[in-house]
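Please read this briefing alongside the sequence and the model.

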Amino acid sequence: MTQDIRNIAIIAHVDHGKTTLVDAMLRQSGIFRANEALVERVMDSNDLERERGITILAKNTALFFHDTKINIVDTPGHSDFGGEVERALRMVDGVVVLVDASEGPLPQTRYVLQKALAAKLPPVIVLNKIDRVDARAKEVLDEIYDLFIDLDATEDQLDFPVIYTNARDGVAYNKLGDDSKDLLPLFEAIVKSIPKPPGDPEGVLQIQVMNLDYSEFLGRDCRRRRHSDRRKPHRPCQSNAARAADYRRADAGHDFHRE
């Protein structure tokens with residue numbers, strides 16, 4: 001609970017470069033070993049997602065920028081997956097809104113952004129694909145302001161930082177034409193603009209489970225957010241149901257103990 005953390009969700013329409021940007025962020029953060037084979041579209045782990053190039057399930061990854069851990073949650077953009085969107089946004093403290101510098105904000109961006117603004121999450125705007133010959137960054141930024149106003153954004157939410165990126169080349173700029181060579185401006189904007197997660201390290205353990213999954217290696221898994229925890233580090237936790245099951249086993253004569 002005391003580690004410097006930022007929890008963010010990335011919002012984008014299909015094919016605006018969300019997965020490409022996350023791939024570049026992971027590579028530049030040093031999360032991969034020097035001899036490790038790099039897989040493209042890391043966040044599209046589902047076979048159907050890879051086939052169709054869309055995000056269906058909310059999922060997360062993490063990277064480090066200096067001493068700050070940045071947890072990244074991928075969000076589905078279609079209204080058919082509204083439950084996934086709402087669960088994902090409960091896990092974060094801010095959003096990165098990724099928009100194509102040519103196409104501008106499209107329906108999937110609007111839908112998820114509406115949910116994020118209603119949840120009072122601060123945004124960071126990223127205008128991607130600025131290398132396109134038909135890029136119109138200034139006009140698209142005006143369209144984004146209009147969209148925020150149309151969605152009843154607060155004054156604080158309207159005071160968002162803007163980062164310009166070429167995700168394919170892994171470059172971000174604070175201003176168009178500056179001499180940036182990497183994604184450093186984006187990492188700095190996230191750490192500066194997204195607040196640290198609230199929580200009580202001395203409080204009773206409170207975990208909010210957002211999603212359930214199953215791994216052939218680990219078994220049942222869950223995506224959750226920890227709000228408070230005064231347990232000692234590395235000590236396993238156990239649900240009341242599991243604890244009651246242990247007592248029943250002990251009553252039945254089985255020698256079974258779990259901390």
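Over residues 246–259 of this predicted model, pLDDT stays under 50, and for this stretch the model has 10 contacts beyond four places in sequence. Where pLDDT is low, the predicted coordinates should not be read in detail. For the protein chain as a whole, the mean pLDDT is 78, with 69% of its residues reaching 70 or more.

**Helices H4 and H5**

- Helix H4, which covers residues 107–118, and helix H5, which covers residues 137–150, have axes that come within 10 Å and cross at roughly 55°.
- At that angle the two helices H4 and H5 are therefore oblique to each other, and their crossing is right-handed.
- On the H4 side the contact is made by Arg110, Leu113 and Leu117, while H5 contributes Leu147, Phe148 and Asp150.
- Sorted by class, this contact of H4 with H5 comprises 4 nonpolar and 2 charged residues, with no polar ones.

**Salt bridges**

- The structure holds 9 salt bridges, and one of them joins the side chains of Lys196 and Asp4, with a distance of 3.9 Å from N to O.
- Lys196 lies in the loop between helix H7 (184–193) and strand E8 (206–215), whereas Asp4 belongs to the segment before strand E1 (5–12), so the pair ties together parts that are 192 residues apart in sequence.
- Side chains of opposite charge can pair when their charged atoms come close.

Note on methods. Residues numbered from 1 in each chain as written. Predicted model: local features only at pLDDT ≥ 70, side-chain atom pairs only at ≥ 80, totals over all residues. Heavy atoms only, no water. pLDDT = per-residue confidence, 0-100. Contact = heavy atoms within 4.5 Å. Axes fitted to C-alpha atoms, helices over the stretch in contact; angles between N-to-C directions. Helix = DSSP H or I, 4+ residues; strand = E, 2+ residues; numbered from the N terminus. Parallel < 35°, antiparallel > 145°, perpendicular 65-115°, else oblique. Left-handed = near helix turned anticlockwise from the far one by under 90°. Nonpolar A, V, L, I, M, F, W, Y, C, P; charged D, E, K, R; others polar. Salt bridge = Lys/Arg side-chain N within 4 Å of Asp/Glu carboxyl O.
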